[in-house]
Amino acid sequence: MTSSEPSENPRKGHRFTEMWNGHMIKGVQRTRGHYAATCSYCNFYWKDGKPHVLREHLANHCRKCPQEVSLQFAKIVGNEIAENEEDDESDSELTTKKQRLNDGQTSI
């Protein structure tokens, strides 16, 4: 596979190229997996175009983005927020449970 072919993002399950397909212009590679980016609609530029920031721009901030594209990315961003909230809830349950187990412990 060459660097220009799409790759899967195993962490979130979204296509690597979801925003590069006509929505963003990929610039030079800045870090592993992150590129400089320019919005195809409003020409806003990011030195380090992190995927979640680019998706949020298309979903919420770009006034020139077509409505159907904005809605598509709004769904993706909403799903990411829901996933993060679920992770936070499970983390807080583990923390609470651990605290309860340690409440009765005496020091040695």
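The structure is a predicted model, in which local features require pLDDT of at least 70 and side-chain atom pairs count only at pLDDT 80 or more, while totals for chains, interfaces and linings use all residues. Residues are numbered from 1 along each chain as its sequence is written, and side-chain values use heavy atoms, with hydrogens and water left out.

The protein chain contains two helices and three strands, where helices (H or I, at least four residues) and strands (E, at least two) are DSSP runs numbered from the N terminus. Along the sequence these elements follow the pattern β-β-β-α-α. Of the 108 residues, 25% count as buried; buried means under 20% relative accessible area, exposed over 50%, and partly exposed in between, with a 1.4 Å probe and protein chains only. The chain exposes about 8,100 Å², of which carbon and sulfur atoms supply 49%; these areas come from the Shrake-Rupley method with a 1.4 Å probe, and for residues only the protein chains shown count as cover. Among contacts (heavy atoms within 4.5 Å) with a separation of 6 or more, 23% are between residues 24 or more positions apart.

In soluble globular proteins, nonpolar side chains tend to be buried together. A nonpolar core is here a set of buried Ala, Val, Leu, Ile, Met, Phe, Trp, Tyr and Cys residues joined through side-chain atoms within 4.5 Å. The largest such core has 16 residues, and M19, W20, M24, L54, L58 and F73 have the most contacts inside it. Two or more residues each are given to this core by strand 2 (34-39), helix 1 (51-61) and helix 2 (67-102). Helix 2 supplies the largest share, four residues. Leaving aside neighbours within four places in sequence, M19 is in contact with M24, P51, L54, R55, L58 and F73.

Strand 2 also holds T38, which counts as buried because its relative accessibility is 19%. Not counting residues up to four places away in sequence, T38 touches H23, M24, I25, N43, F44, Y45 and W46. One of these partners, N43, lies in the loop between strand 2 and strand 3. N43 counts as exposed because its relative accessibility is 56%, and its phi is near 65 degrees, a positive value in a residue other than glycine.

With the same exclusion of residues up to four places away, Y45 touches A36, A37 and T38. The C-alpha atoms of Y45 and G27, 18 residues apart along the chain, are separated by 9.6 Å.
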